[in-house]
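This report describes a protein chain and its ligand. It covers contacts, domains and the ligand shell in turn.

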Amino acid sequence: MEPLRGDESTVGETSVVTRGCRVESGTPRTVLDTGTRPRCAWATGSESIAASGAAATVTASGASRFADVQAAATALFDRCDVPTDLPSVARPRLFGGFAFHEGDTESTDSPWDGFPGAAFFLPEVQVTRTDGGTWLTTTGTGPTAAADAERRLDEWADRLADVPASAPRGPPGVESRERTPSQATWRDQVGAALESVDDGNLQKVVLAQALRVRLREDLSVPDVLDRLAVTYPDCYRFLLSPEDGGTFFGATPERLVSLRGRTVRTEALAGSTGRGDTPAEDEWLAAELLDSEKDTHEHALVADAIRDQLEPFASSVRIGDRTVRRLATVQHLRTSITAELQRDEHVLSLVEALHPTPAVGGLPPDEALRTIRETEAFDRGWYAAPIGWVDAAGNGTFAVGIRSAVAKGRLATLFAGAGIVADSDPDREWDEVQLKYRPMLDELE
Ligand SMILES: C=C(O[C@H]1C=CC=C(C(=O)O)[C@@H]1O)C(=O)O
């Protein structure tokens, strides 16, 4: 079936029907292995979802992409007939993401071909596994919407019961790697950013690097996600394969925002150090990070900016204590931030207000974005941008697409960045970026 285009007017006229049921066997993995593109996986904590096929798609570009997706999502869900007894975890969601920058990219040979300014899809098939059980949700559109949703429900219930678990393969191995920029160019880039900080034009800018690797075998991203579930269980593990192009995937520790009712949860995550070889060394590094003036400043800029962005929406904002978030390969300063909204809002209004936080952009925002565009010799694409889901109530969760890579066949491009503030040392920032490649690189080497 031709998917609906959110930026075309058909969404408002066509019926959209969802059906769902609990299933006793099967896993989200079957959807990734046997479903058609677009495909998506989203897992965190005890919830794991996989989705495939587009009952409807929403695409947008430019500065209005957040508002355009919001309007199309609202129109789409307004048409959607969902059984009232379907539990909230099994209700249909629009999955997708946004490009980091608002403008079009001019680069040729970009790994981001097929990833527009914004792309979301309402899946034909969605399988959600939680501690409470596994749910199958199917959606149809157009004149035969109900029949299509019901047929998909029967077919997929059988498929989930029949398809045996696939035997996971190990990492494909890396044949060659190409860095952008070189360490010498990085020193120059950080040096120039530090001059802008000294001149008072910038307080902070997050500069990123790209690492292009040629793999020895084709990459199975679902296998990578299975392994990341063990190493990064508390991160947002995601995979997004739009209709064409490569697959964007990662295990990001950073939540941009989640909205449930009027409660907003977000966080400041900035300031990094490595892991020690022993628990005592870990503690020492964490204590040093908490005491570091440079990292405390880098972190405070992020926490203050998020608070300032949320305040116009909120009746109250609560800033938690600054703590250390310890991940398998790196430790970060983290402050949890929660807010109560004054009135009902759509999660995409909050995404628009918050992206990019100075954890991935900088301050002042416009000057930092200009510096990023002028400095980085590659396209950020969806790296460091909001990725996640929205539901019919306007609730949703978006993570920041860091600790991530985009891959196609035997080529993968990894991205990682570091916050440059007064007192940043170019070589230490270089080392920090290499640490931030580890979550993805460890799964490829
Ligand atoms: C920009 C990245 O990390 C951000 C998140 C945590 C800590 C960061 C830092 O210490 O610089 C960055 O702000 C990345 O991983 O590519």
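Two residues are in contact if their C-beta atoms, placed from the backbone, lie within 7 Å. By that rule Leu414 touches Leu211, Val213, Ala405, Tyr437, Met440 and Leu441, leaving out residues up to four places away in sequence. The model is predicted: local features need pLDDT of at least 70 and side-chain atom pairs count only at pLDDT 80 or more, while totals for chains, interfaces and linings use all residues. Numbering starts from 1 along each chain as its sequence is written.

The domain assignment, automatic or from a database, gives domain 1 (4-162) and domain 2 (177-220 + 254-444). Their C-alpha centres lie 27 Å apart. In the contact between them, 24 residues of domain 1 meet 24 residues of domain 2. On the domain 1 side, α2 gives the most, with six residues; helices (H or I, at least four residues) and strands (E, at least two) are DSSP runs numbered from the N terminus.

The table sorts two sets of residues by class.

The ligand is surrounded by 17 residues, the closest being Ser272, Ala359, Ile402, Gly417 and Gly419; a residue is near a molecule if its C-beta atom, placed from the backbone, lies within 6 Å of it. Strands β14 (263-274) and β21 (411-420) each supply at least two residues of this shell.
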